[in-house]
Amino acid sequence: MPCEEREQLFELLLEATKAHNDAARAMPDRAGEALERLTALAESARKTCEDCYEVLRAHERSHGCAPNSVSLGRANV
Ligand SMILES: [Zn+2]
C-alpha cells in the first residue's frame, strides 16, 4: 500500500538529486567565479539530498511504510 506522505518525501528527494546532477553536469562548461558559484550550489544541493534521504528513512522507520525490497525501483513516476 503506497504511503502518500512517503511519496511526497520521495519526490523531494528526486528533485534534490536532480538539482545536484544538473549542477554537477554544468560544471565542465564553467570556469573561475561561475564555477565557484556552481560548486557551492552543487554542494548545497548535495546536502539537501542527504537531508531529504534522512527524512525519508526516518519516516519509513517510524511509519513502517518502506516498500518491501526494491525501494528505489519505483523512482520513475
Ligand atoms: Zn508513510
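This is a predicted model: local features need pLDDT of at least 70, side-chain atom pairs count only at pLDDT 80 or more; totals for chains, interfaces and linings use all residues.

What percentage of the 77 residues in the protein chain is made up of buried residues?

Author: Buried residues make up 6% of the 77 residues in the protein chain. The chain holds two helices and zero strands. Among the contacts with a separation of 6 or more, 69% are between residues 24 or more positions apart.

Take helix α1 to begin with, which covers residues 4–26. Its 23 residues should span 33 Å at 1.5 Å a residue, and the C-alpha atoms at its ends are 33 Å apart, so the two values agree. Four residues of α1 are buried, namely Phe10, Leu13, Ala16 and Ala23. The partner they pack against is α2, residues 32–63.

Helix α2 has 32 residues, and from its first C-alpha to its last it reaches 46 Å, close to the 46 Å expected at 1.5 Å a residue. Just after α2 comes glycine 64, with a positive phi of about 65°.

Now the packing itself. Two packed helices are described by the angle between their axes and the distance between those axes. For α1 and α2 the angle is about 160° and the axes are 8 Å apart. An angle over 145° counts as roughly antiparallel, and therefore α1 is roughly antiparallel to α2. By class, the contact of α1 with α2 has 18 nonpolar residues, four polar and four charged. The crossing in which α1 passes α2 is left-handed.

Glutamate 7 lies in α1. Glutamate 7 counts as partly exposed because 13 other C-beta atoms lie within 10 Å, where exposed would need 12 or fewer and buried 20 or more.

On the other helix, arginine 57 belongs to α2. Arginine 57 and leucine 9 are 48 residues apart in sequence, and their C-alpha atoms are 9.5 Å apart in space. Arginine 57 has 14 other C-beta atoms within 10 Å and is therefore partly exposed.

Glutamate 54 is also found in α2. With 11 C-beta neighbours inside 10 Å, glutamate 54 counts as exposed. Between the C-alpha atoms of glutamate 54 and leucine 13 there are 9.7 Å, with 41 residues of separation along the chain. Leucine 13 is one of the buried residues of α1, whereas glutamate 54 is exposed.

Arginine 30 sits in the loop between α1 and α2. Arginine 30 is partly exposed because 14 C-beta neighbours lie inside 10 Å. Leaving aside neighbours within four places in sequence, arginine 30 is in contact with Leu35 and Leu38.

To put the part together: α1 and α2 pack at about 160° with axes 8 Å apart, the buried residues of α1 pack against α2, and arginine 30 is in the loop between the two helices.

Key
Residues are numbered from 1 along each chain as its sequence is written. Two residues are in contact if their C-beta atoms, placed from the backbone, lie within 7 Å. The expected span of a helix is 1.5 Å times one less than its number of residues. Axes are lines fitted to C-alpha atoms, for helices over the stretch in contact, and angles run from 0 to 180 degrees between N-to-C directions. Angles under 35 degrees count as roughly parallel, over 145 as roughly antiparallel, 65 to 115 as roughly perpendicular and the rest as oblique. A crossing is left-handed if the near helix is turned anticlockwise from the far one by less than a right angle, and right-handed if clockwise. Ala, Val, Leu, Ile, Met, Phe, Trp, Tyr, Cys and Pro count as nonpolar, Asp, Glu, Lys and Arg as charged, and the others, Gly among them, as polar.
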